[in-house]
Amino acid sequence: MTTSGGPVSADAPTPSGEGPALDVEDLSVWLSGQEILRGVSFSVAAGSLTGLIGENGAGKTTLLRAVLGLLPISSGKVRVARGHLGRHSIGYVPQKVVLDPDLPVRARDLVELGADGRRLGIPMRSGARRALVDQLLQSVDASHLADARVGALSGGEQQRVLIAHALASQPQLLLLDEPLASLDPRSTQETASLLGRIAHERKVGVLLSTHDINPLLPVMDRVVYLAAGRAVSGRTEEVVRSDVLSALYRHHVDVFHAHGRVLVSVGEERSEEGCELDADDCADRESPNGDSLNSDSPDSDSPNGGGGPGGPLPAATVVGPGQS
Amino acid sequence: MSILHAIFQPGLFSNSSVQDAAVVGAVVALVCAPVGVFTVVRGQSFAGHAFADVTATGGSAAFLLGVSPLLGFVVMALAGAGATELLGAERQRGRDLATGVLLGAGLGLSALLLYLTTTAQSTTGAAVTVLFGSIFAVSSSTLPMVIGFGATALFLVGLVYRPLLLSSINPDLARAQGAGLRVVGLVYVVSLALSVALSALTIGAILSTALLIGPAAAALRLAKSPGRAIACAAVIGVAATWAGIVLAYDSYNWPPAQQGWPVSFFVVSLVLAAYLLAQLTGRRARQA
């Protein structure tokens, strides 16, 4: 387990034994005079899936954009895959992509642009291009959507096409910003297990952010837990514990296990005004101790049956005061 | 046969103004197709309209100075493009405000220039030509310029086609691939300015966005892929322009003055008809 900005201990070797797809070392990012990330360190092994967990405002998007090179790094290091593969070798699925229903773009076109979207000139039709797109769409179970307008697809279908788009440049590293937000429970499970499969089959390091850890538990190899710009990383059972998270938050944190899910509850008094979570999360927090349980999506829905690397912790939810 | 004779009246195909007009109309519609599709997809129709209004200033100035109106259109459209880029920078809202302010200033200036031209030449022809266009008035000496500016706009759009398309779908996707969005946006705006200027020459500064946006908006309803949308917009644009020219030629025999109705009226009406038709068929296709 690696803790950054808090107590430090030795890093456990990753199960796959391959070189890291991403290595972040002591990363700090300042944006308009505010320190958004401080001393964040972790790595993502090739062929593994890492969940980047934290409340809204914890710095998840900032971290992903810093790794992409879209934000300046104040100090520390970000190394992507082996050698210098350039920025475009990272696959990226941004947060809340809104695709207009009238957009004259088919799923096939969007995936093609993932392979060569920065090139100049008009694309030439070729069998190899078509085969690559077909294969990518197949790998995200979206072959049947190839000729549909992207804007007409459902949220889950759009997410799968965007993942195929991100994989088209054959990246070593795939970053996804809240890919499970605003999906229905079934699409959430399907997308999570798809990402686990992509990581293992394509030997890609997958790093995805989410404020709800539960859907990831069956497929997640490691977790990076962010709070107020500081991070703690390790295997789920090492990190999602009351003592570890209390040290991260510098405040007492309870971790409850109930009904096959995990609930992380941060005390209330630190920020009275701060209810910046989604409306549902705010509603959940209205119970006196902030320890209400989300009961959507029971684990029996999971195709993996909860038997993944999550081990003894089948589920967890983050509930706590929002931080800006 | 008599209907055909009624539509294609004697002398239509041998008339050199009609021939020039047909070439200009085709070039402009072909250039407007890809630029228009990108403009609609990017939601920048308003910027296109503002450039159109600003080109009126250039056209009026050209009349006053006695140079080709196309030069005036192009110079002012490019100046407008540069100004909005400089003033508005990154934010959509900032760009809209900058565009709006510029638009007012441009129209105000053209009011002055047209007043000066009208007083100097004691004719109102300039105002009508600049604002509402007259494709039959395009001299054949302007043809090489039309083709040159058109080819430049097409080349620019073709050059940045992929990063432009990706950034129009979602800017973050393009940024993640390392596409230089500022440069891509600038190249697009220059090709938009050129298209608006060419369109202003054809159907007038005030109406020029109709030829830019209309066929593209109709095409978006009908075509699923970007390539097909551009092809579809080109067909609609060329068809509307050519049919407009034919109808305008026919209208020389029409009341009240036997002078011919404005071409722009026919072109814009046909574009509107195509758009409405596309809305209807598009909706039916979606329900099926």
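I began with the strands: β4 (residues 49-53) and β9 of chain A pair in the parallel sense over four bridges. I kept in mind that this is a predicted model.

I looked for a residue pair between them. A:Leu52 stands opposite A:Val224 in β9(A).

Next I checked the other partner. β9(A) pairs with strand β10 (residues 230-234) of chain A in the antiparallel sense, over five bridges. I picked out A:Leu226, and its bridge partner in β10(A) is A:Ala231.

Then I viewed the turn. β9(A) and β10(A) make a hairpin with two residues between them. In that turn, A:Ala228 has a positive phi of about 50 degrees.

Is β9 enclosed or open? I found six of its six residues (222-227) buried, so the strand is largely enclosed by the rest of the structure.

I sorted the side chains by direction. A:Arg222, A:Val224 and A:Leu226 point one way from β9(A). A:Val223, A:Tyr225 and A:Ala227 point the other way, and all of these residues are buried. I noted the general rule: in a regular strand, side chains alternate between the two faces of the sheet.

Last, I turned to A:Thr62, which I located in helix α1 (residues 60-68) of chain A. Why does A:Thr62 count as buried? The cut-off is 20 or more C-beta neighbours within 10 Å. A:Thr62 has 20 inside 10 Å, so it counts as buried.

I listed contacts of A:Thr62, leaving out residues up to four places away in sequence: A:Val29, A:Leu31, A:Ile36, A:Leu37 and A:Leu71. I also checked A:Gly229, which is 167 residues from A:Thr62 in sequence but 9.3 Å away in space, C-alpha to C-alpha.

Terms used:
Residues are numbered from 1 along each chain as its sequence is written. Chains are lettered from A and ligands numbered from 1 in the order in which they are written. This is a predicted model: local features need pLDDT of at least 70, side-chain atom pairs count only at pLDDT 80 or more; totals for chains, interfaces and linings use all residues. A residue is buried if 20 or more other C-beta atoms lie within 10 Å of its own, exposed if 12 or fewer, and partly exposed in between; C-beta atoms are placed from the backbone. Two residues are in contact if their C-beta atoms, placed from the backbone, lie within 7 Å. Two strands pair if DSSP finds at least two bridges between them.
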